[in-house]
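Let's take a friendly walk through this model together. Keep the sequence and the 3D view side by side as you read.

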Amino acid sequence: MAALANRPFVKMNGLGNEIVVVDMRRTPEPISAAEARAAAQPAGAPYDQLMVLYPPRAAGTDSHVRIYNNDGSEAGACGNGMRCVASLITKESGRDRLTFEVDGRVLDTWKNADGLFTVDMGVPRFAWNEIPLAEEFRDTRAIELQIGPIDNPILHSPSVVSMGNPHAIFWVDDVNAYDLARVGPLLEHHPMFPERANITLCAVQSREHIVIRTWERGAGLTKACGSAACASAVAAARLKRTERKVRVTLPVRQRPRPANDECRCRHLWLPS
């Protein structure tokens, strides 16, 4: 864990997820998958996502951000973690509007009047080779994929979309009626997804409200996933199941929000 050894970091609660932010803008070093995985162990700083800040590469951006899952893989996108990063850099800079580069995408963030932070996750991608999929599908609103018996599949015909990371959204009546801990990893590693995928169960409650549960690629069952919330909203609108503006409910236990802040923070040190 050489690159992360004795590095100060901030640990934040983003909608129930543990987000660790490490600032490497002044002394940038590459982080290997093994190092990121080791940092997530009990002797390090257990996290759902690790957000690493590097010096900006693109003109007009505040930082280049690399995102790691707790299995050491890179995430490509994390809306939940980006809100935490925006909160920290806003406090540091005094500016309410910021721009970050994440995996080649430029994302804008801003602080709202109520103190919460918004992330523009960018333009979704629908082409099969951009998601990516292993097979060509001209219409990715519903692809041929199922799990379980052919004549009585457990889940089938997901919508697929990229929000900077691949997502498969399965439409169900009740998101809690499935053993997502069992089927999630099977679908995450399905041959259809050469880069694996985030697996989401989505139940449409009304034209303005959806409920989701997500098995997150590289992290497992998650309390919250910002990119999955965006992907589900996009997929629902594409299928005309909902309006273009919806409320997304996540399976996170609601906690009182600290005054004037949307995240709880702890400043610690990563061990050597």
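In which helix does Arg83 lie? Arg83 belongs to helix 2, which spans residues 79–93. Before going further, a word on conventions: this is a predicted model, in which local features need pLDDT of at least 70 and side-chain atom pairs count only at pLDDT 80 or more, while totals for chains, interfaces and linings use all residues. Residues are numbered from 1 along each chain as its sequence is written, and side-chain values use heavy atoms, with hydrogens and water left out. Helices (H or I, at least four residues) and strands (E, at least two) are DSSP runs, numbered from the N terminus.

Back to Arg83, which counts as buried at 16% relative accessibility. The scale used here calls a residue buried under 20% relative accessible area, exposed over 50%, and partly exposed in between, with a 1.4 Å probe and protein chains only. Although 26 residues separate Arg83 from Thr109 in sequence, their C-alpha atoms are 7.6 Å apart in space.

Thr109 takes us to a pair of strands. Its bridge partner in strand 7 is Val119, one part of an antiparallel arrangement in which four bridges join strand 6 (residues 105–111) to strand 7. Two strands are said to pair if DSSP finds at least two bridges between them. Strands 6 and 7 form a hairpin with five residues between them, and Gly115 in the turn has a positive phi of about 90°. In a regular strand the side chains alternate between the two faces of the sheet.

Now move to strand 1 and strand 2, which run antiparallel and are joined by six bridges. Gly14 has Asn17 as its bridge partner in strand 2. These two strands also form a hairpin, with two residues between them. Most residues other than glycine have a negative phi, and most peptide bonds are trans. Leu15 is partly exposed, because its relative accessible area is 39%.

Strand 2 has another partner on which to rest your eye. Five bridges join strand 2 to strand 3 (residues 49–54), and these two run parallel. Val22 stands opposite Val52 in strand 3. Together with helix 1 (residues 33–39), strands 2 and 3 make a right-handed β-α-β unit; right-handed says that, with the strands pointing away from the viewer, the path from the first strand over the helix to the second runs clockwise. Strand 2 is mostly covered, with five of its seven residues buried.

Next, find Asn69 in strand 4 (residues 63–69). Is this residue buried or exposed? Asn69 is buried, since its relative accessible area is 1%. Its side chain joins that of Gln49 through a polar contact of 3.2 Å. Such a contact is a pair of N or O atoms within 3.5 Å; within protein, one must be able to donate a hydrogen and the other to accept it, and residues adjacent in sequence count only if both atoms are side-chain atoms. Leaving aside neighbours within four places in sequence, Asn69 has contacts (heavy atoms within 4.5 Å) that include Tyr47, Glu74 and Arg217.

Further along, Leu201 in strand 12 (residues 198–206) is buried, because its relative accessible area is 0%. Not counting residues up to four places away in sequence, Leu201 touches several residues, among them Leu155, Phe170 and Val211.

Ser157, in the loop between strand 9 (155–156) and strand 10 (159–162), has a positive phi near 55°. A cis peptide bond, with omega about -10°, joins Ile131 and Pro132; Pro132 is found in the loop between strand 7 (117–120) and strand 8 (146–147). Finally, the charged end of Arg238 sits over the ring of Phe126, 3.9 Å from its centre, where the criterion asks for NZ of Lys or CZ of Arg within 6 Å of the ring centre and within 35 degrees of the ring normal.
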